[in-house]
Amino acid sequence: MGAILEARDLAFSVRGAALVRSASLALETGQMTIVVGPNGAGKSTLLKLLTGEIAPSRGEVRLEGEPLSATPAWQLACRRAVMVQNQKLAFPFSVYEVARLGLEGVGRAQGRAQKDAIVARALDTAGVIGLAERQYQTLSGGEQQRVQFARALCQLEAGRSLAQRQVLFLDEPIASLDLCHQLSLLDAAREIAAQGAAVLVVLHDLNLAVTYADRLVVMHEGAIVAQGEPSAILDDELLRGVFRVSLSFSRLPPAGQPFLLPQQHLSGLGSVVPMRAAGG
Amino acid sequence: MSLAIKPAAPSGVEALARLAAGRRQRNLVTVLVLAGFCLLLLLLSLGAGAFAIAPGRVAEILLAKLGLAPQALLDGREALVVLNIRMPRLLLGALVGAALAISGALMQGLFRNPLADPGLVGVSAGAGLAAAATIVLGDRLLAGMALKLPFAALPFGAFFGGLVSTLALYLIATRNGRTSVATMLLAGVALGALAGSLTGLLAYLSDDRQLRDLTFWSMGSLGGASWTKLSAVAPIVLPLVIAVPFLARGLNALMLGEAEAYHLGIPVQRIKAIAIVLVALSVGASVAAAGVIGFVGIVVPHLIRLSVGPDHRLLLPLSALGGAALLVGADIVARLVVAPAELPIGIVTAFIGAPFFLWLLLRRGRIAEI
């Protein structure tokens with residue numbers, strides 16, 4: 001079987017500003033793809049193009065061989081779930097209800113007991129089952145993020161009865177999480193990939209990215225400048241050119257996993273103060 | 001520690017199932033209480049007024065009409081009052097109240113803002129302007145042709161005005177098939193102000209009798225209710241009731257935001273268009289039938305949300321029930337306070353609604369963050 005999602009030569013511009021200039025990539029099931037890049041590199045715009053939220057000015061995205069633009073919303077929803085950065089909610093829904101919103105579009109096939117079970121499993125996986133009765137708006141940012149993750153999981157599981165293969169998109173899913181929950185969320189995402197879905201994550205933390213990525217996509221100024229297995233594509237030159245930092249680049253035993261320690265920023269803004277990590 | 005997908009601990013799932021069952025039971029109780037309250041109001045409303053009839057007697061007459069009690073009961077003056085005067089008024093009140101409350105709930109869902117209301121986006125103002133134009137200009141135009149303005153022209157004018165203002169609003173706020181909620185809110189305020197100023201101009205131009213008509217109409221009343229009027233309004237409000245189950249899921253998903261609702265598989269643009277048309281229809285129809293009655297659309301959905309939560313599957317139908325109850329109740333008050341005369345019902349709802357709205361604003365930080 002081929003790639004579940006294919007994007008060819010995507011471009012997107014708003015009023016002459018090219019947010020994505022040239023991006024081609026394919027997502028394979030069973031793989032975790034992580035997109036990294038500096039602020040404004042076009043990561044979130046790329047994600048919006050891949051999920052169908054916005055239409056590209058040039059190029060095309062195909063999910064299971066069908067163009068996104070020709071696929072009805074409910075069918076897309078069966079094949080892919082998205083966790084976006086926005087976590088606002090207008091009305092006082094409980095945590096349980098927010099997670100259950102994941103079933104509004106794709107949950108028609110399930111009975112009530114089935115839905116209850118799906119929501120419970122998702123809340124448990126996201127580690128928020130204890131908050132089920134709490135009002136969503138009273139949660140901390142990190143807890144809200146985990147509830148949104150649970151919502152995406154609900155959608156994915158409900159859609160599984162209607163779609164053979166699925167994609168999970170996560171846009172900076174660990175931005176407000178503590179270290180323990182960062183790892184547990186990424187572990188859960190990797191487990192979902194291992195069970196046969198394609199997972200695409202936008203991340204800022206390079207070390208977590210190289211740890212979790214089967215495939216790393218590096219974006220810079222609206223273009224994909226490198227993609228492939230992390231240890232194969234990451235080198236000093238790429239990091240200097242894209243992230244404007246000098247890093248000490250080493251490999252951790254025993255697997256030789258790349259490990260990056262920021263040394264100094266090269267942006268030229270303000271005075272250049274050496275950033276040395278303790279024990280570096 | 002790995003939290004990958006796995007069967008949840010049975011205790012957690014069971015606890016959740018218990019919680020969900022408990023919530024469903026509580027909601028059922030709320031529905032039953034509200035329905036019982038409506039039934040009580042129905043009996044009271046049919047009996048209350050300058051010509052008072054005991055609730056028991058009202059029940060007997062209703063049973064007789066249904067063939068469950070002696071038919072002789074239907075011959076008296078009481079039966080005439082109950083069946084031909086108060087019954088259409090009660091039903092019109094219930095229908096208008098339900099339509100206004102559902103429109104309020106739809107608007108609030110659409111705008112993701114608990115303070116939104118058909119009055120807010122200029123729909124009521126547009127309907128009001130068209131009605132005022134009908135009263136003031138229509139009279140003059142027809143006088144030249146030696147005709148008298150038929151009363152029926154007013155409802156049609158109002159309905160037309162509501163539709164035109166909603167359509168204008170939609171065209172202004174929609175670009176490339178996407179409706180911007182912020183633009184729509186602001187455009188609604190501007191259109192409402194424009195309609196208000198034109199209505200003021202018409203009031204300035206009108207003669208004494210027209211001014212009196214205008215004033216009474218703008219305060220809202222169920223006084224003109226008849227079976228004929230009721231049969232004109234019911235077919236317009238009915239589509240609203242039919243569309244509700246379809247809209248509820250979409251509006252729930254919209255609470256997360258438009259992009260998120262799309263990701264969840266909801267046809268966002270279609271949901272928004274349907275909601276807008278339904279609001280125009282029901283507000284136009286109810287303004288046409290009963291004049292401008294404010295605050296029902298904001299008070300009722302909020303109270304329902306407080307008791308059963310914000311899920312539109314329950315919120316929409318219960319708002320209809322609650323809106324009907326509120327308006328029928330307000331009508332009873334309007335008939336009793338200054339009997340044998342009666343107050344315009346809009347005064348009663350505003351007297352209840354305006355302080356409520358202020359209270360809502362003051363505690364707003366706790367109900368929404370927008």
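## Gly291 in chain B

Let's start in a loop: Gly291(B) sits between α10 (268–290) and α11 (296–308) of chain B. Helices here are DSSP runs of H or I with at least four residues, strands are E runs of at least two, and both are numbered from the N terminus. This is a predicted model, where local features need pLDDT of at least 70, side-chain atom pairs count only at pLDDT 80 or more, and totals for chains, interfaces and linings use all residues. Residues are numbered from 1 along each chain as its sequence is written, with chains lettered from A and ligands numbered from 1 in the order in which they are written.

Is Gly291(B) buried or exposed? Gly291(B) counts as buried because it has 26 C-beta neighbours inside 10 Å. The cut-offs are 20 or more other C-beta atoms within 10 Å for buried, 12 or fewer for exposed, and partly exposed in between, with C-beta atoms placed from the backbone.

## What it touches

Leaving out residues up to four places away in sequence, Gly291(B) touches Trp217(B), Ser218(B), Met219(B), Gly220(B), Ser221(B) and Gly346(B). Contact means C-beta atoms, placed from the backbone, within 7 Å. Met219(B) is 72 residues from Gly291(B) in sequence, yet their C-alpha atoms are 6.7 Å apart.

## Strand β9 in chain A

Over in chain A, five of the six residues of strand β9 (residues 215–220) are buried, so the rest of the structure largely encloses this strand. β9(A) pairs in the parallel sense with strand β3 (residues 32–36) over four bridges; pairing takes at least two DSSP bridges. Within that pairing, Val36(A) stands opposite Val218(A).

β9(A) also runs antiparallel to strand β10 (residues 223–228), joined by five bridges, and His220(A) has Ala223(A) as its bridge partner. The two strands form a hairpin with two residues between them, and Glu221(A) in the turn has a positive phi of about 50°.

How values were computed
Contact = placed C-beta atoms within 7 Å.
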